[in-house]
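Here is my note on the model you sent over. Please read it with the structure open beside you.

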Amino acid sequence: MLKKGKLAAGITGALVMTFLAGMAGAVTIGSIKPGEDVFQYVNRSKGKFDLSLYQQVIGAANAFKEGDEGLGVAADSEMSRQNARKLLANTRIKDIYDNPLFVDGQEKLIRKTTDKAKYNKIKNMTMGELKHFLLTRPEADIKSIMGGLHSDVIGSVVKLMSNDELIRVGQKIFNTLPGSKIGAKGYLSARIQPNSPTDNKEDIQLQVLNGFAYAVGDIVIGTNPVDSQLEATLRVENALKEIVTAFKLEKTVPWCVLAHIDGQAAAEKEVPGSTAIWFQSLAGTESANKTFDLTIQKMIDYAKMRKGPYGLYFETGQGADYTNGHGHGFDMVVHESRKYGFARALQQEIARTKGVPADQVWLHLNDVAGFIGPEVFKTREQLVRCCLEDIVMGKLHGLVLGLDICSTLHMPVTLDDLEWCQDQIAPANPAYLMALPTRNDPMLSYLTTGFQDHVRLREKFGFKVNDAMWKFFQKIEVIDAKGKPTKHFGDPAWVYYKFRQAKGDKRSFKEIYAEGQKSIANVRGRGVDMAVGYGKNIWDLEPVTNKRIHDLYDDAKVSLWAEFTPEFINSIPNAVSIKSQSHDRENYIAAPSTGEELSKAAVATLQKLSATWGGKAPDVQVVISDGLNARAIMDDGHLMPYLNELKKQCKKAGMSLSDKNIVVTGGRVRAGYKAGEVLYGKAGSKPKAIVHIIGERPGSGHHAFSAYLVKVQPGTWAKAGAVDHDQSKVLSGISDTGLLPAEAARQTVKLLMEM
């Protein structure tokens, strides 16, 4: 009862603090005049055009989300929101086009790739008239003007629509991938996401076969790797390629390792033909993309290289720009829309290279709607709203857009809430959804769509799978000639048998099937869940597995609120204990930015430590943070094997390791960068490294931690904010049941030597 009370109190406290913090930057829009538009209101209020107020009025028209509140552009009341929408509805497309909310190279690219002839047809429409056009005109009429819509216009018009209106627009616009039914009306595709905490080939391949057992997986088979180094990327690429080529599906479904696009290009250069489609996360501004180590020119260059059947695959998500410190004063919906505008521009680049129309380019993206956490939005209703906005914005950009209808374990959106969200969103007909054996990702530890959810949505809404892939599912006998599940439906061991047959294996069915069952047991033994069979209905998860997933969810909630104990801190050799600016666990979860900054006392402590080094600063300093899962650090066999091996390997490599271990309470990843700035800003001319060990991803059952590595010159450390995610490398999934701590330490030093 005490734990439940603490959880409830924590969430309540977090909501209150976020509300109070946000109100200071909330936007009030009082009385407006009849027929007044955004620009008239801004000029009347300020006596001249004011960019900040313009951004605030456009943002205030949004449905409420915590991220917009953090940006200072959320309406302070429903009355202010409705007034902002009235102003926006009266504003002409031309005026929004001529007055971008923020100008950078990405906005200029979107402007350049907006069809001017189509724009000229609609530029004098008001946004209210555009909304009416989208709701009342047929698809052909809408498609005749879509290319003339700048991303800021698209990001603004969705704010004027209710959820039901967004669904109505989603139900009439469809963009398909060439030569397929993916993205077509009445079709719902799936990206199989076979993630493994250790990039284990057996884990990855069995999850793919598991998806096939439920007739799921027809747009892309894409693994998020733990290790993005070239050797590891090639290993996972080959594991996926082996399945696709064995079943002769090369012209039907591509495979993909979701490493950085530089790594995928390097893999293709090293082993031509090892990659199929190339992936990259995208942001809405140039500066935010820099944190992904991206430039516009880099992406254009990669687009020009995509001459084969498959082009590019992107992931986006509302709030990524804001939470990385690149909000630039405008709202999350427009940020998201600009990501789609960037994708549209790259689609056009591939089309020019190949000499085909843009709609003949195999390019798609998915919106990872709830992956960041409660600082972006909290509730299931907000998750639905976000997904509906993004479906319409993606379709209006002419793109094939899928969804990751997901939530993190520190959001109050439960496993069971996701089913409700799926049912609210499905009528808008997104092109595809994620697909895992269960709703809990075994490596990323977040909640999303399971295989059985696809089965349920097909049954409930009549959705189909891409025709070519459906024929394949019939070929491997999980679906019969009438389109109904067979006795092999939900049996990954059967699909393993068909896979081995396709590979030319001549052993008996009994022998291969037994081997498949053993492989399933191996995968489960490593903590990666498999879906085998089903419950009362064919779309129900088998009861024992369903209970395990709910138990993991409950464990995640306990892990989320866990804190380093004094006894644990005292057990760490030469611990130097400091705190971030989060004043307690509730504040840490409600206001993530507080965990990225060090307290004044912490800075003073680190300055004293640095002074003791004199002119002999160590090459490597370890920082240990609780993160989102302190238990991942405190569990037996986790931290100390890593530290002991790190010490040994650093000595072997000739790198000096600090004899102090800095322990941060309430620390997030950027707290490690801040520690490096204080410690190494005046450390001579030799590169210095921070190894930041942090608890992450509650919910997998592994209690895994990560190690973020940065190694730069003292001159770079000396510049506040110069070190960010684009300069770090990370080892994830470290635990006694995942990437073993000692092995992770060996990989850490290997990476440091290469940096």
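**Notes on the model**

1. Start with one pair of residues. Phenylalanine 39 is buried, and tyrosine 54 is buried as well. Keep in mind throughout that this is a predicted model.

2. A search of the whole structure finds 28 aromatic pairs. Phenylalanine 39 and tyrosine 54 form a tilted one, with 4.9 Å centre to centre and 40° between the planes. This pair links distant parts of the chain. Phenylalanine 39 sits in helix H2 (residues 38-46), while tyrosine 54 sits in helix H3 (residues 51-60), 15 residues apart.

3. Stay with helix H3 for a moment. Leucine 53 lies in this helix too. Is leucine 53 buried or exposed? Its relative accessible area is 11%, which is under the 20% cut-off, so leucine 53 is buried. Leaving aside neighbours within four places in sequence, leucine 53 is in contact with Tyr41, Val42, Ser45 and Lys46. Leucine 53 and valine 38 are 15 residues apart in sequence. In space, C-alpha to C-alpha, leucine 53 and valine 38 are 9.5 Å apart.

4. Now compare a second ring pair. Why is the pair of tryptophan 278 and tyrosine 302 called edge-to-face? The planes of tryptophan 278 and tyrosine 302 stand at 85°, and over 60 degrees counts as edge-to-face, so the pair gets that name. The ring centres of tryptophan 278 and tyrosine 302 are 5.7 Å apart. This pair also links distant parts of the chain: tryptophan 278 is in strand S4 (residues 278-281) and tyrosine 302 is in helix H17 (residues 296-305), 24 residues apart. Both tryptophan 278 and tyrosine 302 are buried.

5. Arginine 306 lies over the face of tryptophan 278, at 4.3 Å from the ring centre. Look for another such arrangement at tyrosine 588. There, arginine 668 lies over the face of the ring, at 4.2 Å from its centre.

6. Some rings join up in a group. Ring pairs link Phe212, Phe247, Trp470, Phe472, Phe473 and Phe499 into a cluster. Take Phe212 as your way in. Leaving aside neighbours within four places in sequence, phenylalanine 212 is in contact with several residues, including Ile192, Ile243, Phe247, Phe472, Phe473 and Val495.

7. Which residues have the most contacts inside the largest nonpolar core? They are Leu130, Phe212 and Phe473, in a core of 178 residues. Helix H19 (residues 332-354) gives the largest share of this core, ten residues.

8. Helix H22 (residues 451-461) deserves a look. Eight of its eleven residues are buried, so H22 is largely enclosed by the rest of the structure. The buried residues of H22 are Phe451, Gln452, Asp453, His454, Val455, Arg456, Leu457 and Arg458. What do the buried residues of H22 pack against? They pack against strand S1 (189-192), helix H13 (201-213), helix H21 (417-425), strand S9 (432-435) and helix H23 (467-475). Glycine 462 follows H22, and its phi is positive, near 75°.

9. Strand S15 (residues 705-712) is next. Seven of its eight residues are buried, so S15 is largely enclosed by the rest of the structure. Strand S14 (residues 688-695) runs antiparallel to S15, joined to it by eight bridges. Glycine 695 has phenylalanine 705 in S15 as its bridge partner. S15 also pairs with strand S16 (residues 728-734) in the antiparallel sense, over five bridges. Here leucine 709 stands opposite lysine 729 in S16.

10. Finally, step back to the whole chain. The protein chain has 34 helices and 16 strands. Buried residues make up 61% of its 755 residues. A compact globule with 755 residues would have a radius of gyration near 27 Å, and the protein chain has 26 Å, which agrees. Its C-alpha atoms fill a box of roughly 75 × 70 × 55 Å, taken along the principal axes. Among contacts between residues at least 6 apart in sequence, 75% join residues at least 24 apart.

Terms used. Residues numbered from 1 in each chain as written. Predicted model: local features only at pLDDT ≥ 70, side-chain atom pairs only at ≥ 80, totals over all residues. Heavy atoms only, no water. Phe/Tyr/Trp six-rings, centres within 6.5 Å; stacked < 30°, edge-to-face > 60°. Helix = DSSP H or I, 4+ residues; strand = E, 2+ residues; numbered from the N terminus. Buried < 20%, exposed > 50% of the residue type's maximum accessible area, 1.4 Å probe, protein only. Lys NZ or Arg CZ within 6 Å of the ring centre and 35° of its normal. Pairing = 2+ DSSP bridges. Core = buried A, V, L, I, M, F, W, Y, C linked by side-chain atoms within 4.5 Å. Contact = heavy atoms within 4.5 Å. Rg over C-alpha atoms; globule rule 2.2 N^0.38 Å.
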